[in-house]
Amino acid sequence: MRRSRDDHRGRRPHRPRDDRRDERAKPAHTHDDRGIPAGTGNYGRELRNLLSGIGAPKPEPFKPDPFQLEALAALEFEDVLVTAPTGSGKTWIAREEIRRLLAAGKRAWYTTPLKALTNSKYAEFAEEFGAKQVGILTGDRKENSQAPLIVGTTEIYRNQLFDALRGGEQVQADLVVLDEAHYLADEDRGHVWEEAIILTPPRIRLLLLSATIGNAGEFAGWIAEVRGVNCGVVTRPGARPVPLRAAFIMPDKRLIPLVDHGKLNPEIAGMIEEQDRQRGRGERGKWGKGRGSRY
Amino acid sequence: MKLRMPEMPPATLLAALGSYNLLPAIVFLPTRRRCDEAASEAALSRRQEADQRREARRDFMRGFVELHPEIRKHRHWDVIIRGGVASHHAGHMPAWKLVIEKLMSAGMLDAIFATATVAAGVDFPARTVVVTVADRRSPSGWQSLSASELQQMTGRAGRRGKDRVGFIIAAPGPHQNPQSIVNLLNAPPDDLESQFRATYTSLLNLLDAFKSFAQVRDIAEQSFAHRELLPRMHQLEQTRAQKEQEIRDALQKAQVNLPLTALRGFERLAASRERMLEFSPHTRYEMFMDWLRKVVQPGRVVGIGRSGRRLALVTARSPDGVNAVREDGRTASFPLERIGRVFAPIFSTHPEQVDNAFAEIHDRGKSVALPEPRLRDTRAEEEDAIRLINNLIDEFTITANSQDKARELLWSLQPRAAEIERCERQIDALRADVWRPFEQCARVLDYFGYLDFARQQVTERGRWLADLHVDRPLLAGESLERGLFKDLDVRRAAALVAAMTADEDRDYGEIELEDDVVSLLVQFEQVAFDVSTEEWNQGITAEAEINFSAAAAAAHWAAGAEWAALVRESHSDEGDLVRLFSRTGEALLQIAGLRETHAQAAQLAARTAEIVLREPVR
């Protein structure tokens with residue numbers, strides 16, 4: 001009994017103050033099991049807004065993004081740092097540039113930080129350009145190592161640079177792609193990326209593919225400084241290829257926006273405050289159990 | 001702002017997401033175990049539901065078994081097929097993770113429960129990403145997520161070409177913090193920070209290629225960590241060159257026949273003269289205060305006022321004041337400067353002894369007063385030195401043609417010479433910061449004979465060590481040099497290399513170590529001890545302890561143990577064992593490359609690598 005009274009009292013502070021909004025709050029607790037709000041009240045609209053546009057877009061023929069074309073154009077005369085989130089088509093840029101080089105009889109190195117990633121890129125490129133054109137080098141795998149396109153871990157590429165320097169030879173590549181270049185900030189292995197960038201001869205074009213970072217300009221400036229070749233920055237405008245919405249799922253399975261005008265949704269903030277207050281009184285609120293049932 | 005709510009049961013969560021049409025989803029959970037449990041729980045309640053994709057999943061996985069037979073026995077086989085959900089984390093085998101990634105990409109799964117490790121590297125997006133914790137587990141405990149880490153997670157939300165919108169959903173959980181998720185979503189992306197450091201491998205390779213420390217240092221100075229260093233050094237060098245030119249021009253114009261070096265010597269003399277003047281007191285007052293600070297201490301009787309006739313016993317001192325008891329027994333505190341005389345004896349400050357102290361001073365009077373310092377005495381020494389410097393300064397000008405003119409000129413150019421001096425000191429300091437870690441590595445390598453520090457050369461021994469691309473090359477090198485690989489079988493070779501490869505903090509159970517493996521590891525421990533002692537001597541944080549349980553697991557694996565049994569006995573996740581053996585195998589392949597210098601060890605390593613890297617490892 002006591003708990004229910006406390007819980008009831010506990011709801012008040014974050015219950016919307018004016019009556020109109022109060023009504024808005026109620027139907028939300030009565031949505032059916034499918035979660036789509038049963039009522040047509042304002043809360044329903046909020047949820048509809050939150051979920052609007054969900055689903056698959058109409059299939060469209062592939063068309064490269066302007067930032068992808070910009071990167072390709074820049075590669076013709078300088079090193080390029082591409083920063084864009086995962087899945088926005090950074091690899092496409094590398095693939096097209098490699099395609100162009102292979103067609104011209106030139107060679108390329110594609111480095112990744114992980115063995116798993118190396119294997120999947122190898123499979124991808126072998127399918128794209130033909131198995132004969134692609135080799136793979138990792139700590140325990142060495143296949144077709146004389147192929148014009150080599151996929152491998154960044155460590156192996158760096159080791160080849162060392163070997164070339166010591167033997168007075170040239171690394172056989174016209175382009176080096178450093179995928180996941182933000183690994184430069186990895187505590188254990190990051191130094192390998194720096195060594196690779198510093199030691200790659202300026203005659204080899206560098207293409208760095210990185211997640212979004214705060215100091216892309218500074219990073220590119222440094223690359224240009226140490227290599228003596230200009231390094232352009234191409235950033236995907238609008239950040240994400242697919243827009244992102246943030247929501248919070250309440251213990252009663254209601255879905256509400258996480259953010260309201262740039263700030264934490266007041267309903268969530270109120271719920272946390274109330275919970276802290278109860279905790280202060282030594283009462284553990286059982287938020288996990290269906291709050292809807294109390295209405 | 002922590003949300004201390006229980007986690008939503010996984011089945012409930014998925015049902016809710018399904019009701020909003022938010023599947024497929026990746027649900028990020030804090031631990032591997034939670035991922036496995038969540039997948040099992042969710043699958044249990046979902047297996048009753050109608051799902052036409054069950055057959056498709058079964059076919060797909062059966063097809064995969066042909067390539068990777070090891071996945072057939074996986075305990076989550078049914079979870080995937082009947083529940084349409086999976087757990088994905090570093091504890092699983094690479095092949096298992098691969099099949100999950102492929103199933104997800106093919107749209108055959110509704111949810112993946114994953115730890116944050118999935119966020120980096122592998123690429124399988126979903127419509128929705130669920131975040132249940134605002135913290136992540138790291139080797140050093142729980143840490144708050146960074147903006148980049150959350151960005152990696154949200155980067156999985158929304159499949160290009162399949163979704164018009166992606167969702168990040170914060171779900172309740174005991175470590176959830178909606179406010180910090182909002183903050184991270186609003187935060188600008190993290191800056192890329194350099195982790196540049198000196199390693200034995202880099203040093204040996206660079207020195208062997210460039211043949212001098214100076215050139216290795218040039219490379220180190222180019223690192224992103226020191227990106228501000230180059231422009232700063234450049235600027236300092238420019239300032240120096242500019243000041244040098246100004247001085248040369250001025251000397252030439254005045255037709256004073258002095259080289260630049262003479263002017264810099266003059267500047268040094270002038271600077272030391274200045275320093276000396278700075279520290280010597282200029283007035284009687286300053287000198288007297290310095291003296292009081294030194295001699296006024298608890299237990300001493302002092303005379304107050306210029307005459308120094310009123311007495312007080314000091315009980316305590318502050319930097320510029322004293323607490324004291326007067327003759328009438330009242331306490332007083334006053335600044336040092338009011339003291340006119342100090343008496344030599346030191347008395348007890350005990351209240352009952354105070355009267356005795358005053359009586360004795362009255363008795364003996366001026367004879368026990370400390371002599372005041374004279375200004376001339378204190379200045380004499382410094383003045384001698386300064387006179388000496390002045391003479392030297394004069395010497396400079398005597399060599400020049402016209403003394404007075406030259407003296408004037410030297411003093412007017414002195415600030416510029418001082419600037420040159422300052423630039424050089426700063427350049428040296430900046431360079432030392434970059435070079436120090438490399439020098440430490442070089443000294444350790446020198447100690448073990450891989451590098452000749454004095455001649456700045458890589459030795460014969462250092463050349464093959466440079467080719468040995470393993471995490472801890474010195475341990476491998478010293479083990480080879482001291483013949484630890486001699487007469488080993490593959491079992492012991494695997495144990496030895498696993499011990500030098502494994503992370504120290506991962507435990508692979510308590511598999512029994514055979515006696516011959518133990519005695520080998522004891523020898524190896526001596527190697528590790530010697531290496532870390534020398535590293536410590538040179539100021540390098542000594543490397544971690546060696547991992548006996550890893551050695552035991554590798555010995556058993558190399559001796560032909562069965563995978564499932566080894567997983568059981570080592571109490572390890574399959575993924576961790578695969579990683580251990582795969583790293584061991586890679587290190588063995590590196591040693592196998594040393595055919596020319598260590599034929600026998602290389603051959604043994606090649607054989608061992610082949611055995612260690614058998615299925616399902618690699």
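Angles under 35 degrees count as roughly parallel, over 145 as roughly antiparallel, 65 to 115 as roughly perpendicular, and whatever remains is oblique. I put this at the head of the page for the helix pairs below, and I note that I am working from a predicted model.

**Entry 1: H17 and H19 of chain B.** I looked up helix H17 of chain B, residues 473–481, against helix H19 of chain B, residues 515–537, and found that they pack at an angle of about 125° with their axes 10 Å apart. H17(B) and H19(B) are therefore oblique to each other. I also noted the hand of the crossing of H17(B) and H19(B), which is right-handed. From H17(B) the residues that take part are Leu474(B), Leu475(B), Glu478(B) and Ser479(B), and they meet Phe524(B), Val527(B), Ala528(B) and Val531(B) in H19(B). When I sorted the residues of this contact by class, I had six nonpolar, one polar and one charged.

**Entry 2: H18 and H23 of chain B.** Next I took helix H18 of chain B, residues 490–501, and helix H23 of chain B, residues 599–612, whose axes come within 9 Å and cross at roughly 85°. That angle makes H18(B) roughly perpendicular to H23(B). On the H18(B) side I listed Val490(B), Ala493(B) and Ala494(B), and on the H23(B) side Leu604(B), Ala605(B), Arg607(B), Thr608(B), Ile611(B) and Val612(B). By class, the contact of H18(B) with H23(B) has seven nonpolar residues, one polar and one charged.

**Entry 3: the domains of chain B.** I then turned to the domain assignment of chain B, which gives domain 1 as 10–186, domain 2 as 200–234 + 431–444, and domain 3 as 468–612.

**Entry 4: Ile81 of chain B.** Is Ile81(B) buried or exposed? I placed Ile81(B) in helix H4 of chain B, residues 77–83, and counted 23 C-beta neighbours inside 10 Å, so Ile81(B) counts as buried. Leaving aside residues up to four places away in sequence, I found that Ile81(B) touches Arg54(B), Arg57(B), Arg58(B) and Met61(B). I also looked up Phe60(B), which is 21 residues from Ile81(B) along the chain, and their C-alpha atoms are separated by 9.7 Å.

Entry 5: For chain A I recorded 10 helices and 12 strands, and of its 295 residues 42% count as buried. Among the contacts in chain A with a separation of 6 or more, 62% join residues 24 or more positions apart. The contact of the two chains takes 64 residues from chain A and 68 residues from chain B. The elements of chain A that give two or more residues to this side include helix H6 (115–129), helix H8 (190–199), strand E9 (244–249) and helix H10 (266–280). Which element gives the largest share of the side of chain A that touches chain B? I found that E9(A) does, with six residues. By class, the side of chain A that touches chain B divides into 35 nonpolar, 16 polar and 13 charged residues.

Definitions and conventions: Residues numbered from 1 in each chain as written. Chains lettered and ligands numbered in written order. Predicted model: local features only at pLDDT ≥ 70, side-chain atom pairs only at ≥ 80, totals over all residues. Domains from an automatic or database assignment. Helix = DSSP H or I, 4+ residues; strand = E, 2+ residues; numbered from the N terminus. Buried ≥ 20, exposed ≤ 12 C-beta atoms within 10 Å, placed from the backbone. Contact = placed C-beta atoms within 7 Å. Axes fitted to C-alpha atoms, helices over the stretch in contact; angles between N-to-C directions. Left-handed = near helix turned anticlockwise from the far one by under 90°. Nonpolar A, V, L, I, M, F, W, Y, C, P; charged D, E, K, R; others polar.
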